Amino acid sequence: MNPPNTHQEECWISLILRLAIASLFAAAAISKWSGGLAGLDGIVAYFRETFKDTWLPVPLVVFQARLIPYVEALLPVWLLVGWKLRLAWVITALFLVTLSFGMTVAQKYDIAAHNFAYVL
């Protein structure tokens, strides 16, 4: 009886997880870059409105809003290429945590819960 090839199984699991998260970010990026929310200015306006009654500083909210479309476009490529994968996963998790934290501060708990589920 031969022992199972765990390395091969790990490769498949890694590929499936990378495809899943990459497709999530790619769909979000395509939506934003194709004119969803009226472009970058629309994204910034949405975030300003969402966080206007929170304690988060406006410059931080605007910075995050401007960064999101780029991160959502770059992360899928990075995850699918597989270069420095551990760092890619750390950056992905940290990005999702910042989104989740923000949505929690804005009391959008349903969105935050989905983002935290992606982190897991």
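In this predicted model, the largest pocket is lined by 17 residues, and those nearest its centre are Lys32, Glu72, Leu99, Ile111 and Asn115. Helices α1 (6-33), α2 (39-50), α3 (58-81), α4 and α5 each give two or more residues to this lining. The volume of the largest pocket is about 350 Å³. By class, its lining residues comprise 14 nonpolar, 1 polar and 2 charged.

The second largest pocket has a volume of about 210 Å³. It is lined by 13 residues, and Leu56, Leu60, Gln64, Thr98 and Gly102 are the closest to its centre. Here the elements that give two or more residues are α3 and α4. The lining of the second largest pocket contains 10 nonpolar and 3 polar residues, with no charged residues.

The packing of α4 against α5 may be considered next. A pair of packed helices is described by the angle between the two axes and by the distance between them. The axes of α4 (residues 85-105) and α5 (residues 109-119) come within 8 Å and cross at roughly 165°. Angles over 145 degrees count as roughly antiparallel, and α4 and α5 are therefore roughly antiparallel to each other. Their crossing is left-handed.

On the α4 side, the contact is made by Ala93, Leu96, Val97, Leu99, Ser100, Met103 and Thr104. On the α5 side, Tyr109, Ile111, Ala112, Asn115, Phe116, Tyr118 and Val119 take part. The residues of this contact divide into 11 nonpolar and 3 polar, with no charged residues. Leu99, Ile111 and Asn115 belong to this helix contact and are also among the residues nearest the centre of the largest pocket.

Methods. Residues are numbered from 1 along each chain as its sequence is written. This is a predicted model: local features need pLDDT of at least 70, side-chain atom pairs count only at pLDDT 80 or more; totals for chains, interfaces and linings use all residues. Side-chain values use heavy atoms; hydrogens and water are left out. Axes are lines fitted to C-alpha atoms, for helices over the stretch in contact, and angles run from 0 to 180 degrees between N-to-C directions. Helices (H or I, at least four residues) and strands (E, at least two) are DSSP runs, numbered from the N terminus. Angles under 35 degrees count as roughly parallel, over 145 as roughly antiparallel, 65 to 115 as roughly perpendicular and the rest as oblique. A crossing is left-handed if the near helix is turned anticlockwise from the far one by less than a right angle, and right-handed if clockwise. Contact means heavy atoms within 4.5 Å. Ala, Val, Leu, Ile, Met, Phe, Trp, Tyr, Cys and Pro count as nonpolar, Asp, Glu, Lys and Arg as charged, and the others, Gly among them, as polar. On a 1 Å grid over the protein atoms alone, a cavity is a set of points where a 1.4 Å probe fits but cannot get out, and a pocket is an open set with protein on both sides within 12 Å along at least five of seven lines; lining residues have an atom within 4 Å of a point. Grid points are joined across faces, edges and corners, and a volume is the space filled by probe spheres set on the points.
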